[in-house]
Structures are given as structure tokens and as C-alpha cells.
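Dear colleague,

Please find the structure below. I would be grateful if you would read the notes that follow with the model open.

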Amino acid sequence: MPASTSSRRFPVVIPPAWNPAARAFFFLLCLVPFLALSNAVISDSLGPDPAEHLMHVTGEWVMRFMVLVLAATPLARWGWPRLARYRRMLGLYAWFYATLHLLVFAQVYIGWSGGILVEELAKRPYVLVGFLAWLILVPLGITSANSIRRKMGRNWRKLHKLTYAVAILGWLHLLWLSRSDVGDAVVYGVIFVLLFLYRLWNWQSKAVLHKAS
Amino acid sequence: MSKKPWQDYPQIASSEITPESVWLNRRNLMKAATASAGLVMAGETLAQPKQLKELSFLPAVDGTPFKATEELTPYEAATTYNNFYEFGTNKSDPARYAGSMTTDPWEIKVGGLVNKPGKLNLEDIMSDFDLEERIYRFRCVEAWSMVVPWIGFPLSKLLERFDPKSEGKFVEFKTLYRRSEMRGTRSFTSIIDWPYREGLRMDEAMNPLTLMTVGLYGKTLPNQSGAPLRLVVPWKYGFKNIKSIVEINVTDRQPKTSWQDLAPQEYGFYANVNPKVSHPRWSQAYERRLPSSLFNPSRVKTQMFNGYGGQVASMYKGMDLARFY
């Protein structure tokens, strides 16, 4: 294979150095929104309707982590190769904030009532779509353990392509929620489209390579 | 002649002394002067909080539908958690940004199918109508609710003054639309067609529960609550309670309302609180009585017509409320 094309393939050269301090720093950084929210809940400083605020903020963090997960690959190739090491952690954090989002919904909006959950899923497409996104995150999260990843081999990568589905469903969830102002949905939409286009372009160049060889 | 000569002249209201463009401009000049003097740290804090005036009024009477018995929502919650999209879509935006709205002088225009169309300024409204307190449950379509002590007077008294014609079947309301003072209306991604509009059927407008509101908790309305004059219709979802009214028209056909324009499948003209008819976004069976908390969400069952069925159900006899939501 010519040297010039190998740089397009992933993984490029992920730095072998596994710096535990940097990893701990990243881990804590991603936890900051959760700690801030917990503190606000404890000190009761979320205003008269904490439920609404918590739903809003946890949902926003899911979207932000989905952007980071999808951006990690191109950014790793464009000069921050270490970021590839953190992709899985970012993905797990997306799942973590999505789970918090769901827990707040269960606690405050439906009061842990299965009946109301079924009604919500049946009647409100945005709830269904959001719930589906969370459900897909479950197998992605569970299979992120190294031992399972090794066992799964090539299938692991195939399964984790579902990340795209999570992003799309999450975005639909947000769009469906927008009532009079679609600003947020537009911003995330543009970012996701750019990140998808990047991959489409990448796959195509790979396909061309395969044909050539 | 017993009449004193000055009585031949109408009293001049402050709104008539200075043209609007001049005082709006003067306000801007004053802001600019303050800002350049370095007295103000950030642009958003330019507008000083309005001085709220104490009002005198008849207190709500025990045992009547005019005085809900539930615990009052704290003033702080009622005035910092608001929907007033002219200032932004977050609940905290109105309290933060509505200070930029000029509410004095203020004038409302009443027209359409009335025999005596005209204008009323705030001074007249405050002096001509007897104010009373009404403690009402307030239920938002987003499934949160409050209990608020409003101060105002029945809308019917205001309408009667303009003598609606018999063919007038509906009443249309419009909110102030002033881009320079309302940052939400300048949002590029907002899809609301300003000004905000709402409407009532004539019998709903004349119902004694329907309140033209000028205050809450004993004082004039803060801007985020719809100063200086708003509507409160306690058996309907909150979005019917149009804020900062500048225009009222009596019409013979059902007026188009802002939310109906935006999403007719979600927001009906009637918008009666109805736990049996769910909204595409929110189940209406329950509500969160504010202040709520994460571990004690104060979820309560929503009542038909928000508990005012005894006073209003007869107006909807024979109507399919799932169709006319």
C-alpha cells in the first residue's frame, strides 16, 4: 500500500503512552456538569421547577457528548491523535447523561408509573425517539469493556456504527421538542451533517482504494 | 353656568404630552449616556428594575371560586419562572430581559365591532375600574402550575365601556411588539409571527372569572408578568393569558391566535384545561405544582377546567372538547 494512503486509515498512530493522570483529568472534566447539577439539587438553587431545568441540561450534555464522540476521530487525525484514546470515555459519558435524563423523566414526569410510560411512548413520538436512542446506547455501553471488545472482533466496530443512529435519533428528539425556536436543532444538525459528510467522504476514498487494489 | 371652564377640556394623560418616538428616543439617549459614563457593567443591566406600586383593592372572598384555597406560589417563583417569548424561550429570560420594555406611558386601542371604538391609557384604567384580588390556579400547557393572587377587574367591565355590537362574537387581543426592546422577537430562528395574538369567545370574555389583570401579590405587575395589563382566564392553559396588551378587537369570526398559527394540531383556540385530552408533547393528566423539587415533585392530578367547571362548563355544553381543544 502506498504510504500516502495509509494516513487515511484509522487508527493512524495513537500515541502508545497511556497517561493515567491525563485520563483522570479527562474523566473528572466530563463529570463537572454532573457535579454542578448535583450541587445545585442539594442546595436547591435550580429555581421553582428543577425538573424542567434538569431535563434541559442533562439533554444538552447528551448532545454535546455525541458531538465530541463523533468529532474525536477527525480531530485525532488532524493533529490530536491522543483524542482517539478518549472516544470510548466520551461515548460512555453520553450514555451516563442520557441515563440521568431518563431518570429525571421517570422521577418527576411520570412518577415511575409504567402505565404513563407506555402512554408517553405511544402518544409522543419525541419521547419514543429519545427512548430508542437511550436503548441503543445500552449495548454500546455494555460492549465497551476491553474483554468484550476483544471477543467481538470485527463485529464490535459494526455494532458501534450504531453511534450514528443515536446521534440521528437524539437530534430528531431535539427537533421534535422545539416549539417556536429551532436554533439549537439547527446548530446540532449542521455539526452532525458535517461530521457525517467527513465519514462519507472517507468511506468513499476507501472504496476507491479497494477497487484500485 | 356652574361648570368650571377647565372642565370643558379633556384631562391630558401623560401619554399624550410627548410623542412616543420622542420618549423612546430619549430613553435610548439616557441609556447611552449612562453606559458611556461607565456606570453600567453589562448591556443587559441597563434597564433599571421598575418600581412596582402598591395597589388598593378588594380582597378575594373566602368560599368563592375567586379565592383558591391552595397554598400560594411564592412571589419569587411566580416572577422568575415565566413564559414571555418576546424576551426569550427560557423560563428565566423574561425576568432577566423584560426590564427593557417601556410600560409607561401605555395605551390600549379597542376597536372592531364596537359602537364606541377608542383608546384607553393606563392612568384611566387604574382610576376608572375597581380593583379586586383573585386567587386563581394557573395551569400551563407544559404541565406546571401555580397559585397566584392576581389583582384586576373583570374584562366584561372594560368591554362594556366600548359597547360591543350584537354581531361581535369573539374578542381578539394583541401584545406589544417593539423589536428594539424585545430581544426574543429579534431571534433569527424564532418562528413566531409577532405580535403575539390571542382570542376568546364573547361569552368567555364576559364570564365573571375572566380578569383584566394589573397586579399580583398586592403590587403592579413586574414586566416579566405582563406589565402593565394582561389577561387571566383561569380555566384555560396559561398561553391564553396574553400579556402586555396593546390592542383589543371585537370580531364576528374566530380570531387566529399565535400558537394556533404555529402548530394548529397542538394548540387549539379553546385551550380549556382538560386532563382527558392529552397534548402531543405533554400528558395533561398531571401537573407539577410549583415550586417543585426533584425528590418531592409535587405532582397533582389536573382537574377538568382547572377546577372551575362549576362556573364555565355550561358554556361548552354539547361541544366535543377533544375536537375543540
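This is a predicted model: local features need pLDDT of at least 70, side-chain atom pairs count only at pLDDT 80 or more; totals for chains, interfaces and linings use all residues.

Residues are numbered from 1 along each chain as its sequence is written, chains are lettered from A and ligands numbered from 1 in the order written, and side-chain values use heavy atoms, without hydrogens or water.

Chain A has ten helices and zero strands (DSSP runs of H or I, at least four residues, and of E, at least two, numbered from the N terminus). Of its 213 residues, 40% are buried (under 20% relative accessible area, 1.4 Å probe, protein chains only).

In the interface, 33 residues of chain B are in contact with 28 residues of chain A (heavy atoms within 4.5 Å). The two chains bury about 2,500 Å² between them, 51% of it on carbon and sulfur atoms; this is the accessible area (1.4 Å probe) lost on being put together, summed over both. Three salt bridges link chain B and chain A (a side-chain nitrogen of Lys or Arg within 4 Å of a carboxyl oxygen of Asp or Glu). D49(A) forms a salt bridge with R288(B), with the closest N and O atoms 2.7 Å apart. On the chain B side, α3 (75-80), α8 (258-262) and β11 (286-289) each supply at least two residues that touch chain A.

V190(A) lies in helix α10 (residues 183-212) of chain A.

Yours sincerely

Note on methods:
Buried means under 20% relative accessible area, exposed over 50%, partly exposed in between (1.4 Å probe, protein chains only).
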